[in-house]
Amino acid sequence: MSKLCLTGIQPTGKLHLGNYFGAVKPLISLSQDTEFEDIFIFVANLHALNSIKDPVLLHTYTQDIVIDYLAMGLDLTKTSLFLQSDIRELTELTWIFNNLVTVSYLERSHAYKDAIANGKEANMGLFDYPVLMAADILLYQSSVVPVGQDQKQHIEIAQKIADKFNARYGELFIKPKPYIQSDTSIVKGLDGRKMSKSYHNTIEIFESEDTIRSKISKIITDSKAPHEPKDPDSCNILALYRLFASEQEINQIETQYREGSISYKESKDILAEAILTYFKPIRTRRQELLSQPVYVQDILHQGTLKAQSIAQNTMEKVRKAVGLMS
Ligand code: ADP
Ligand code: TRP
């Protein structure tokens, strides 16, 4: 079997520039990478149930994220896209794993401890989150799992569960490796802090052009007058512009900053145009996809079939191994 690279994306909100540069763009490049012959990307809607209790919102975010990722250029010749909840074997495997993992081990999860410290309800879904994620990874015999730094411990939990299962019932699972891109830098938000939904400082990729312009006009700067020299290194506008501009364009605007020949208003206008130009083809593609629901459903269907066939195969072996089937 070829080496499988798998990742899950939680449908918990609209994609912003931080998500794009920190997660989506690296994943798209990976999907075009020749090293991986098979890539599984699924929408982790069962995980998202823990934070989104509004059914209409969960459904909308799920549909949105599928279209967003497709619009951004996944290589569909080797990428299978599907919804986590469409593979019923997953929750069965989670239950089997639940009988191998101790409460004290899961209590050490950083994500769980942080969530509780931040006042989240300590429900079983939150506690069991890493076990469901381990099942996501192991069910498809994934070798490589691209994730953000914050998910590293979850991969270690999956490795531990694979070891425990293999030791108890015989070698059945591949031990997955995390793929963590350490060179992806943090994208700053409108207020200069990390761009994040929780800080309400985001620029969403697919909001209207007017909203994008209006948000950019609100980027926080110091109060230097239009003709005063400005510091390009501490400017929140330029921090974003660097993601979109060529080296030559960046040099040019930095010189204008130092000379005091450009106002913040002008550099915000330049940034807005750069963002809109960069995302124009993706936004157009997204509009097209919105009018092709059958095509989108078909991609999900193909992805589900492929994932299901591996999941069924694994579960047959698991059921036999643990004694649920002869
Ligand atoms: P948010 O902080 O808005 O809730 P998420 O935690 O849902 O974002 O992030 C989803 C993915 O996007 C993660 O892989 C995360 O590393 C990446 N990401 C989010 N915000 C940023 C940012 N400001 N800069 C770089 N990457 C980010
Ligand atoms: N927990 C991951 C996140 O919040 C999403 C996720 C769920 C995932 N299952 C996965 C990622 C399996 C990689 C593999 O980002």
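How many nonpolar, polar and charged residues does the shell around ligand 2 have?

## Shell around ligand 2

By class, the shell has 8 nonpolar, 5 polar and 1 charged residues. Here Ala, Val, Leu, Ile, Met, Phe, Trp, Tyr, Cys and Pro count as nonpolar, Asp, Glu, Lys and Arg as charged, and the others, Gly among them, as polar.

## Basis of the model

This is a predicted model, in which local features need pLDDT of at least 70 and side-chain atom pairs count only at pLDDT 80 or more, while totals for chains, interfaces and linings use all residues. Residues are numbered from 1 along each chain as its sequence is written, chains are lettered from A and ligands numbered from 1 in the order in which they are written, and side-chain values use heavy atoms, with hydrogens and water left out.

## Contacts of ligand 2

Ligand 2 is surrounded by 14 residues, the closest being Gln-10, His-47, Tyr-129, Asp-136 and Gln-151; a residue is near if one of its heavy atoms lies within 4 Å. The side chain of Gln-10 has an N or O atom 3.1 Å from an oxygen atom of ligand 2. For Tyr-129, a side-chain N or O atom is 2.6 Å from a nitrogen atom of the ligand, and a polar side-chain atom of Gln-151 lies 2.9 Å from a nitrogen atom of ligand 2.

Taken alone, ligand 2 exposes 360 Å², and the protein buries 88% of that (Shrake-Rupley method, 1.4 Å probe). The elements giving two or more residues to the shell are β1 (4-9), α7 (124-139) and β4 (144-147). Of these, α7 gives the most, with 4 residues. Helices (H or I, at least four residues) and strands (E, at least two) are DSSP runs, numbered from the N terminus.

## Strand β3 and Thr-79

Thr-79 lies in strand β3 (residues 79-83). Thr-79 counts as buried at 6% relative accessibility, where buried means under 20% relative accessible area, exposed over 50% and partly exposed in between (1.4 Å probe, protein chains only). The Thr-79 side chain reaches the backbone oxygen of Asp-75 at 2.7 Å.

## Aromatic pairs

The model has 19 aromatic pairs; rings of Phe, Tyr and Trp (its six-membered ring) pair if their centres lie within 6.5 Å, with planes under 30 degrees apart counted as stacked, over 60 as edge-to-face and the rest as tilted. Phe-40 and Phe-82 are edge-to-face, 5.6 Å centre to centre with 85° between the planes. Phe-40 lies in strand β2 (residues 38-43) and Phe-82 in strand β3, so this pair ties together parts 42 residues apart in sequence.

Note on methods
A polar contact is a pair of N or O atoms within 3.5 Å; within protein, one must be able to donate a hydrogen and the other to accept it, and residues adjacent in sequence count only if both atoms are side-chain atoms.
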